[in-house]
Amino acid sequence: MKGDGPGAHGRSERPPLGSFPVHRRPRKPISNRRIGAASVAALCGLSLLGAGQGGSTPVDRWREIAPILRTGCLECHSGNDPKAGLRLDRRDAAFAGSGNGKFKVIRPGSASTSPLYLRLLSEDPEVRMPKRSAALPAEAIEKVRAWIDEGAKWPAGLVLERERASRDHWAYRKPERPALPQVREESRARNPIDRFVLARLEKEGLEPSPEANRATLLRRVSLDLVGLPPSPEEVAAFEADGSPDAYEKQVDRLLGSPHFGERWARPWLDLARYADTDGYEKDLRRTAWKWRDWVIRALNEDMPFDRFTVEQVAGDMLPDATLDQRIASGFHRNTLHNREGGVDQDEARYLVLVDRVATTGTVWLGTTLACAQCHDHKYDPFTQKEFHQLLAFFETTEYEAIGDASVGEAKYTEPSLEAPTMEEEARRAALRLEIEEARRMLGPGSPPLEAEQAAWEKEPPVDWTVLVPEPVRSEGGATLSVLDDGSVLASGANPDSDAHCVTVRTRLQGITSFRLEMLPDPSLPSKGPGRAYNGNLVLTGFGVRAGEEPLPLSAARADHEQDRFPVAGAIDSDPATGWALLEETGKPHVAVFELASPLEREEGTLVFTLEYRSRYAEHAAGRFRLSATRAKNLRARALVPEGIEAILRIPRGERTLDQAVSIAAFHRSNAPCLDPVRERLRRARKDLEALEASIPRALVMSERPSHERPATLLRVRGSFVNPGERVYAGTPSILHAFPRTEMPNRLGLARWLASAENPLVARVTVNRLWQEIFGRGIVETSEDFGTRGSPPTHPELLDWLAVEFVERGWSVKAILREVVTSATYRQSSAASRERRERDPENRLLARGPRFRLEAEAVRDVALEASGLLDRRIGGPSVFPYQPPGIWRLPYNDDRWVESEGGDRHRRGLYTFWRRSAPYPSMAAYDAGSREACLSRRPRTNTPLQALAVLNDPAFFEAARALAGRMIAEGGEGPEGRATRGFRLCTGRSPEPEEVRILLDLLGDERARAGGKDGADRAAWTIVANALLNLDETLTKE
Amino acid sequence: MSAERERLVEITRRHFFRRSGLGIGSVALASLLDERLFAQAAGGEVLARAPHHPPRARNVIYLFMAGAPSQIDLFDPKPRLAARNGEPCPEEFLKGERFAFIKGVPRLLGSPYAFERRGASGAEISELLPRLAAVADDLAFVRSVRTDEFNHAPAQVFMNTGHGRAGRPSMGAWLTYGLGSEGRDLPGFVVLISGDARPDGGNSCWGCGFLPSVYQGVEFRSAGDPVLFLSDPEGIDRPSRRRALDAIAALNRLRRAETGDPEIDTRIASYEMAYRMQTSVPELMDLSKEPPEVHALYGTSPGKASFANNCLLARRLVERGVRFVQLFHRGWDHHGESKASSITDGLPRLCKETDQGAAALVEDLKRRGLLESTLVVWGGEFGRTPMNEARGGSKFLGRDHHPRAFTVWLAGGGVKPGITIGATDEIGYNAVQDPVHVNDLHATILHLLGLDHARLTFRSQGRDFRLTDVAGEVVGKLLA
């Protein structure tokens, strides 16, 4: 298997350097390439140093050559996966040549035939080395020539360290609080953020924009903080508020809203690749939403980001971890898993761990660690070994990988945890208590029911006549033999489903009831009375005929009934119901069936049919006996099995202790005075069962107990089938030290990530907050703070925010408050063409942000404006309208069943997320598939988006509802209604021209409909549909 | 990276609005757009992204046979394997191998089907594909394709994106990113699905990965709206929709004047394009106007969801300039664990479902002179083993997943017709001559479209990604 992980860098690696000249086709140089400034400087310095020096000794010569190789060559030609298979960091490999030793590039003593030298000279940019940076200074090239001509001496054993400019890269140095810059117009700065922004604008000669009007500003900040537009009433209140801190009051209101967590969960769910299914072929459902709700809660509570981190990476390992902390550890359970039959489960495990490392790198380090899965990172100072050292931290979690797919056993599972809410927990405790109490009342420990028992014992015993079968037959082919006591014992074949047909002759007249005894027998599994492995049976039908005439049965009672398997089920017409005996198998049991009227006839034949046709295989009776009686008004005494009856015949004083206990227990279990308790017990058990089935499980991490340092095998070229050396858990050397006080395990890793010493985590996090607000991070490549990432537009601002973040206790809300109360944020986003051309992408922030809403918000705004939005927070994912046929999966007949009621109108983030078939309107709006960690979504503008909001029935339903609102809330006149709709969608009052356009549309549509019923409403619906499709509605302005 | 946003905006326009100024709605559009955008939208050539070198093909139709057809029973005859039918598979092949389902030492399984040399080229094609045999001289067979993945979903994702884990851009996305679309009123990358289910790899097979979502494949469905949300809601007729769009555009233009945001122009144009698609797509999907001889050729019947219908639609899409059309037909997974999934029952059925449509497509394209500029590719995500799987002792004949060697055929678009390249060993286990890795196949397809696979890159997560990852060589022998 080829190394299939990341590693492409836009170049083929095939041409060996030695087959000079090598390039078959012109290549476009990669733009934006920055050879580290440090290396250029080093080269310049080198040339100065080297100038004019002649007659060097070999040792001196090597001293000159080493830095040239280091800075000019090793970026590509070093490590375990060098370009063109040429390593220039080790003597042997360098002399062996390119193509992993196939082509010599250094011929000692002959520079003029050494490609290493010749390629420094070439004028063809495709041939000349170093490839994509400036040619080496002539002096340096001359030294290379001299070195080779002099025999290319390379001290034995001396290995060159690749000099990485990246080691000095700004992002790996801990941020320090920068001084606030001086600005000329102090009055324009509301807070420190503004000073950094203004200083840059002043330098560029750009004026900031004026503050946005209040309606626009409130809509902007509402969308930013809670993801919902403000109501017209909220806008009006803000517009009317003359207090100096009117805006700050709005900000604080929004920060305190329970919808804050919903809005800010969205980017975190993208990072966590959160979804409701496994991905790939079967793409089965999983219960992941408990973790999603944890995120919402944590954000609402403004949980400090360091704690937020630790709980998600290793919440399960915290001392006395709470249920919530363990749910939090589900962050890394959002990995994909392929459940196809033929999957190598151990490889599946490796891929899961690779994803955990890569995601951890992106989320907390802003680092493309994934590049180091197969080889050392090409640009940033992370080695393949370090990648696997990080992977080792995750190696010790619990999992199970069973790998025999061919017999249907293949599975890869990780732990899940029952995750009840407090209400569910309380209800469960109450039910358990109730069951406990009822059991005590019914159990041997409760006070004996002396008086009742004595009275019961005095009842006359029922006189039963055993009906001896002649013949008895098993429909399914079991062997049935009649024993001496008249009972029937089954043996031999044990069919899945069976019926026993028993014919008896009796002279008994006036029969009122039949008794069916189910008897244990040592020959039966678990002693019976049934033939199931646990001694159970399910009697699904009991019928009796006299000749051809069925005898109606009026009632059935039994001494014991398994929960949900009452004996009444044996005489109803439903073959799915029946009488079963758990947990009381291994003992005799009795059922009595009463005839609707006494059987008045002389001697004759009775035919009984005992059916065992439940969906449980082999659940037929093992030993049973039939009897009949003429007694009327049967009471509890009728249900006494033979063994108990025998004890009853012994006078009280002569019974053994065991016998006395048996009698008391039997009586208690049947005493009519305890019927209400038994009923309570039955109901409580049923409720508990239902409750427990409804309690969702959370996917969590859990650590295998071990005393060893976590370790893993490095995978050569990132391929699972090529295990290499054993490496132990550790963190990359370029970053802050792993704390000595921490154990080298996942919890230690979590604390290391969330450490104030971590140069990246605070910057990366505040940068993402900034990105959400302004549409672009201070570092645009919010997923990559490495040397290939984009440099920060405002480096000092970034550091200031990062330091503030940590010093303010890692409070996300504090930083957001700082950002949205800045003058920078409050600027109008309008700009003239000239101003736009100065800075089309608004990097310098001379105006406010204006960009299209994210997929979820497009939906939320439509629902909120139309009044349909169901604002409930959290819970299982929901199924709003989706066109049919989106789910049609192989080996999975799962269907999208539309939710009912308010769940059809929940916020977008609650929509069920199937990875292999995402919700269409969200996919059209760039929501992604949640298959991999995503730090920023692209933002496109396409016809499919237009079609979705114009025509998706979910959006058109919103248009209808909005029309209703406009009519109901906009007063009688059309102007008022149009204005109301406009304000609901955009937050501001329309200009007269805007109202006119809407009313023209309304008029045309009314004319079209003529005087038809509902024409007015239909015309307003079209106006509403237009309003929901306005650029301004879809945009944060 | 100041180029990024610009690029996003530009590619959005290029993708959907190329030459749109000349289209049906051009008059309306011209009146709606401000001059600057109009100039851009109308000047189609300005927006076109030039290929790296002169292309041999303009469009691709990829017939993806999801589930993986058996090359041994269709294209790669193995008389020695047939002769050794029932013998235990030699140890040398099994050492260190991972199979999806085979356990222990399986037995060799020769093909029960007859092969014949077809046409002037003498290509060997199984009796199961009589229609295809008739166009043999137009096809180029590669018998030595190999892949890295041996389970369906990862292998399908690999075959489509060059990476075994979901989340990278698909081939169609790369091509539309690289070349834009010639289609006036249609997306550049269209997906059509038939067979027993959607492909195992799901939407990831035609996803855009980290590329902007304009490049993801748009599924044209055979039931309901052909493109999601294409029909106007009940109660809205065309004039009414037109008036509403005019009102939206008028209001948007006011906002454009107020804010100066050029993104609003793009939004206006997107809505116009949507409006045109509402006409052009149903017209495209309506096969009823095709003449009877075309229906006879393909075996199509209008309104039916079938592979043949999709083949005919593919031709119509290419005629309208759609860059990449991908058909998925799932059901080729013939393990032999039941009669329906055996090579004696299931395989002939799948061949019957697809043979006529695929052959007709090649023939039809050729008749119309479109085959020269249209590359047709047929193949699955991997091959099938030369051994009987016999899962759980099954008595039905079937083959397990086989990544080491399988057959793909190509036609038109600069591919040399009537050739067979690559060869497998005598039992068909390994590719022993001219092995073609999936990366090589991708490199070749891009090459035929005028793109250098090593230069078609996109920066994401700090690195330049490409369809071919770090490998890929153009298969020179395939080029005409």
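Colleague: Why is A:Trp810 counted as buried?

Modeller: A:Trp810 has 22 C-beta neighbours inside 10 Å. A residue is buried if 20 or more other C-beta atoms lie within 10 Å of its own, exposed if 12 or fewer, and partly exposed in between, with C-beta atoms placed from the backbone. A:Trp810 is therefore buried. The model is predicted, so local features need pLDDT of at least 70 and side-chain atom pairs count only at pLDDT 80 or more, while totals for chains, interfaces and linings use all residues. Residues are numbered from 1 along each chain as its sequence is written, and chains are lettered from A and ligands numbered from 1 in the order in which they are written.

Colleague: What is the phi of A:Trp810, and where is this residue placed?

Modeller: Phi is near 55°, a positive value in a residue other than glycine. A:Trp810 is in the loop between helix H24 (795-807) and helix H25 (812-820) of chain A. Helices (H or I, at least four residues) and strands (E, at least two) are DSSP runs, numbered from the N terminus.

Colleague: What makes A:Lys527 partly exposed?

Modeller: A:Lys527 has 16 other C-beta atoms within 10 Å, a count that falls between the limits for exposed and buried. A:Lys527 also has a positive phi, about 70°, although it is not a glycine. The loop between E9 and E10 of chain A holds A:Lys527, and A:Pro529 is found in the loop between strand E9 (511-518) and strand E10 (541-546) of chain A. The peptide bond from A:Gly528 to A:Pro529 is cis, with omega near 5°.

Colleague: Which residues does the cis peptide bond with omega of about -10° join?

Modeller: That bond joins A:Leu582 and A:Glu583. A:Glu583 is found in the loop between strand E12 (553-558) and strand E13 (589-599) of chain A.

Colleague: Why are H13(A) and H22(A) called roughly antiparallel?

Modeller: Helix H13 (residues 305-314) and helix H22 (residues 746-753) of chain A pack at an angle of about 155°, with their axes 8 Å apart. Axes are lines fitted to C-alpha atoms, for helices over the stretch in contact, and angles run from 0 to 180 degrees between N-to-C directions. Angles under 35 degrees count as roughly parallel, over 145 as roughly antiparallel, 65 to 115 as roughly perpendicular and the rest as oblique. H13(A) and H22(A) are therefore roughly antiparallel to each other.

Colleague: Which residues of H13(A) and H22(A) meet?

Modeller: A:Thr309, A:Val310, A:Val313 and A:Ala314 in H13(A) meet residues of H22(A), among them A:Leu747, A:Leu749 and A:Ala750. Two residues are in contact if their C-beta atoms, placed from the backbone, lie within 7 Å.

Colleague: What makes a set of residues a nonpolar core, and which members of the largest one touch the most others?

Modeller: A nonpolar core is a set of buried Ala, Val, Leu, Ile, Met, Phe, Trp, Tyr and Cys residues joined through C-beta atoms within 7 Å. The largest has 195 residues, of which A:Leu962, A:Val1023 and A:Leu1028 touch the most other members. Its largest share, eleven residues, comes from helix H12 (residues 263-285) of chain B.

Colleague: How many residues of chain B are in contact with chain A?

Modeller: In chain B, 85 residues are in contact with 97 residues of chain A. H11(B) gives the most to the side of chain B that touches chain A, with twelve residues.
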